[in-house]
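The points may be read alongside the coordinates.

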Amino acid sequence: MSEVIHTDHHAADYSVDQHAGGQHGPEKGLARWLFTTNHKDIGTMYLWFSFLMFLIGGVMALIVRSELFQPGLQFLKPEFFNQMTTNHGLIMVFGAIMPAFVGLANWLVPMQVGAPDMALPRMNNLSFWILPFAFGIMIWTLFSDGGGPNFGWTFYAPLSTTYAPDSVTYFIFAVHMMGASSIMGSINIIATILNMRAPGMTLMKMPMFIWTWLITAYLLLAVMPVLAGAVTMMLFDIHFDTSFFNAAGGGDPVMFQHIFWFFGHPEVYIMILPAFGIVSHIIPAFARKQLFGYDSMVYAVASIAFLSFIVWAHHMFTVGMPLAGQLFFMYSTMLIAVPTGVKVFNWISTMWKGSMTFETPMLFAIAFVVLFTMGGFSGLMLAITPADYQYHDTYFVVAHFHYVLVPGALFSIIAGVYFWFPKWTGKMYSESLGKIHFWLSFIGVNVTFFPQHFSGLAGMPRRVPDYALQFADFNMVSSIGAFIFGFSQLFFLFVILHGIKSGKPAVARPWEGARGLEWTLPSPAPYHSFTHPPVVTDAEVHG
Amino acid sequence: MKQVGTFASVLGALLLVSRSYADELNMRVGVTDISRQVYDLHMVIFWICVVIGAIVFGVMFWSIVNHRRSAGHEAAQFHESTRLEIAWTVVPTLILIIMAIPATQVLIAMYDTGGEDMNVEVRGYQWKWEYKYLDDNFNQTFSFFSALTTPQDEIQNRAAKGEFYLLEVDNRLRIPANRKVRFLVTSEDVIHAWWVPDFGIKRDAVPGMLNELWTIVPEPGIYRGQCTELCGKDHGFMPIVVEVMEEEAFDAWYDEQVKLAAIRREAISQVLTTDELMHEGEQVYSRFCMSCHQVNGQGIPPAFPSLVDTAVTTGARDDHIRLILDGVAGSAMQAFGKQLDARQVAAVVQYERHAWGNNAGDVTQPADVVNLMAGQYRDL
Ligand code: HEM
Ligand SMILES: [Cu+2]
Ligand SMILES: [Cu+2]
């Protein structure tokens, strides 16, 4: 049945193309970027935008780390320090990691499922162009009277309502805009994956990146409205005298946390599932061996997605829940380790008895497996409720989530960029520069975040601008690492620009072990990916 | 021979360094039964993770070394095994169950409230703690605030930092050793969290909610912790210091505090000189108001307004008193009627009206405040 729909769709597309005179190229100048409906142009804009946000968020992190280099207040007032941690977190999560994955989806989904473009190209344009405005508003509030968001990226009420700076209303508006963008983006991805796959690509033949994004898109659809609900209730508490989260009026500040984390925990999986997908392409390519356990990889992602909805209160072990509640959330959280373990074991089995080479994408992917797993171990420790009482809201948590986000989500994005760079640009990046970038990042990330486990265990709270003397040594090391890491990402920019400008021309399949429809297209890929549905063979997709 | 010596001394130095860091490298064992159980649990999970990690990463690195193309390894063709998949689903599940059992036991032990010998209400404020000692009927006997005493000069790097930099307060919470003390944790404004690592207990202080926490500390001593929930500007500056006293010493101290509270109640009915008022007012101001309105009264506009020559600080006196008693709803200006007694309010009003060049030229006595309070505020 679905075959019929596919052929119809492509036939229709094809005729449109012919009206426009076959393979037309992009428009010229600014108009190309403002009005484009092309998935590659939009993907490119998403990626550059997220890189810009990554640099801005990174500068904020470095401001924070400079202040924390030594005990005492050096450069910042505490009120500004709080704005820096908060905006760093918000920008990294919503401005860097999420848009980068959407950018990758834009580039790759049509090419990997054998479609000419995304299903809803105009909405695609809109969902991108909302973002600069949303972040423009949020960053602009930093310069307003009373300052910008200063209540942590988790914006717990009543600190974010009754006690918030005036600019919080703009923050709420910005979050609504980001949410609208994410929802449109995910509808588009779902529509493309479900309707535009080339004939013969059944669900269980889909590339892993497609699977993980399909599930991620559903997570986004489920939880972004919850976030929108939370900020709307805040808006009402602030401006219309309601008391959703105001205890004095009969409301409940803890309810805010339940709603927030019902969004927030799936959100952290939104930032890691596509990463699983990317790594599941890169490891087989450089091990020259098929992905081990494709089916169980799909089921593992689906179970993680399901479990992510029933663990939210593990962020709230200290708010005072009944024993039964604590136990439930402890057990359900521990359970997530099982499907996550399955993924790690499958990646390693893929490498096992392969014929491995270690180009830059593979280096980042291996670092991903090792360091993400370490973040997983500390996650498991955090799940143990009685121990979490000691870890909660200390630097141990900061270390944990940076291990899953930086060498986790971020490394997978960087790995993906190197991996598909030849397909996007038609050029090869410089392998030796890429390797330098990898080693600098790898060292930087560990020097920054490993010592934070220690300062956390020793009792240093997070989100503090100053600390007691016993934490001084580790903080100094951590700050030095942060500057190494920050510098190495500027170097990344250089590697990319160098590749675009003076890279050697790339062939259609620059990695001999890579499989997937995208490698059947020439490099760089044509403006409209597949104007004719490609033939799906077992050599290219999971057989 | 020389090399052996160098090697030994390097090793010795390393050992010394790691010994001196031992405290900073791991969770604190703490001093209570609960904190020891938590520490043991932490170590069990930690070692399980280390062993799993060593095996998993060991296999991976072995493969990386041996299954390289540059080592001439050809790729095998296998790509699935239902048996393996089942194995690495079932085995981790079993390991998790093994971890869950002691975790559950410790958690149940922590929830063993009841049977307490005394109750203390712990109340978070931006940015200090209040401790209220309750009698057997949960009536307050006496209470006090506990705020950071580290001088600004140390924080701003103008003076050398003391040993307990950021971990020292004016009034320590005092509890007796060997008795079960129950804490009722709540907050007056935003969410804070009360944590003493050495006791192994942490709980959020949530406005409108009363959280229970308990401890029995066998060792008298001084134990330090910090607020661990972001609560605004001075979140990093509201430490917790608990002094655990020998039982007899505690009882003596407790009785004395009850007596002192009665004396303070007396003091409210007194008439003070303007000098006394100004002097006390300055003290109250620096403890309760300065963090926002600043030492020179200029505040940090627009978040915290200046008090110099404003409609309130030079206008009708009763409005000024009421503003301090009631606070300003929906702003950081708290209802200080719940924190200060009449004498303190009178003094700070006197001070604000006659400091920094303000000159209202009137006198405010405790009785004036009592009249406005009409009994609805802080019962001392
Ligand atoms: C250059 C690399 C980075 C450095 C040096 C860095 C540093 C920091 C620091 C110092 C904090 C404040 C911790 C605290 O006081 O509680 C923080 C918080 C945070 N970071 Fe990063 N970070 C980096 C990259 C990232 C990335 C890539 C993400 C990705 C999503 C991220 C997400 C967060 C989040 C969510 C928070 C919590 C913010 C909050 O407390 O509200 N960071 N980071
Ligand atoms: Cu979570
Ligand atoms: Cu706090």
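1. The arrangement around the iron atom of ligand 1 is octahedral because its 6 donor atoms subtend angles of 86 to 180°. Donors are N, O and S atoms within 2.8 Å of the metal (3.2 Å for Na, K and Ca), and since water is not among the atoms, sites may look incomplete. Four donors count as tetrahedral if all angles lie between 85 and 135 degrees; four count as square planar and six as octahedral if opposite donors are over 155 degrees apart and all others between 65 and 115; anything else is irregular.

2. The model is predicted: local features need pLDDT of at least 70 and side-chain atom pairs count only at pLDDT 80 or more, whereas totals for chains, interfaces and linings use all residues. Residues are numbered from 1 along each chain as its sequence is written, chains are lettered from A and ligands numbered from 1 in the order in which they are written, and side-chain values use heavy atoms, with hydrogens and water left out.

3. The iron atom of ligand 1 is coordinated by His88(A) and His402(A), each through NE2, at 2.0 Å. His88(A) belongs to helix 4 (residues 78–113) of chain A and His402(A) to helix 14 (residues 395–425) of chain A, so the pair ties together parts that are 314 residues apart in sequence. Helices (H or I, at least four residues) and strands (E, at least two) are DSSP runs, numbered from the N terminus. His88(A) is buried at a relative accessible area of 17%, and His402(A) is buried at 13%. Buried means under 20% relative accessible area, exposed over 50%, and partly exposed in between (1.4 Å probe, protein chains only).

4. His265(A) lies in helix 8 (residues 253–270) of chain A, while His314(A), 49 residues apart from it, is in the loop between helix 10 (294–307) and helix 11 (323–351) of chain A. His265(A) is buried, with a relative accessible area of 5%; His314(A) is also buried, at 12%.

5. The copper ion (ligand 3) is coordinated at 2.1 to 2.5 Å by Cys227(B) (SG), Glu229(B) (O), Cys231(B) (SG) and His235(B) (ND1). The angles among the 4 donor atoms run from 82 to 131°, and the site is irregular. The sequence spacing of the donor residues is C-x1-E-x1-C-x3-H. Both Glu229(B) and Cys231(B) are buried.

6. Chain B is assigned domain 1 (2–69 + 81–110), domain 2 (118–252) and domain 3 (268–373); the bounds come from an automatic or database domain assignment. In chain B, the C-alpha centres of domain 2 and domain 3 lie 26 Å apart. Their contact (heavy atoms within 4.5 Å) takes 11 residues from domain 2 of chain B and 9 residues from domain 3 of chain B.

7. About 840 Å² is buried between domain 2 and domain 3 of chain B, with carbon and sulfur atoms giving 48%. Buried area is the accessible area (1.4 Å probe) that two parts lose on being put together, summed over both. Lys128(B), Phe145(B) and Lys233(B) supply 42% of the area that domain 2 of chain B buries against domain 3 of chain B, more than any other three residues. Between these two domains of chain B there are 2 salt bridges, a salt bridge being a side-chain nitrogen of Lys or Arg within 4 Å of a carboxyl oxygen of Asp or Glu.
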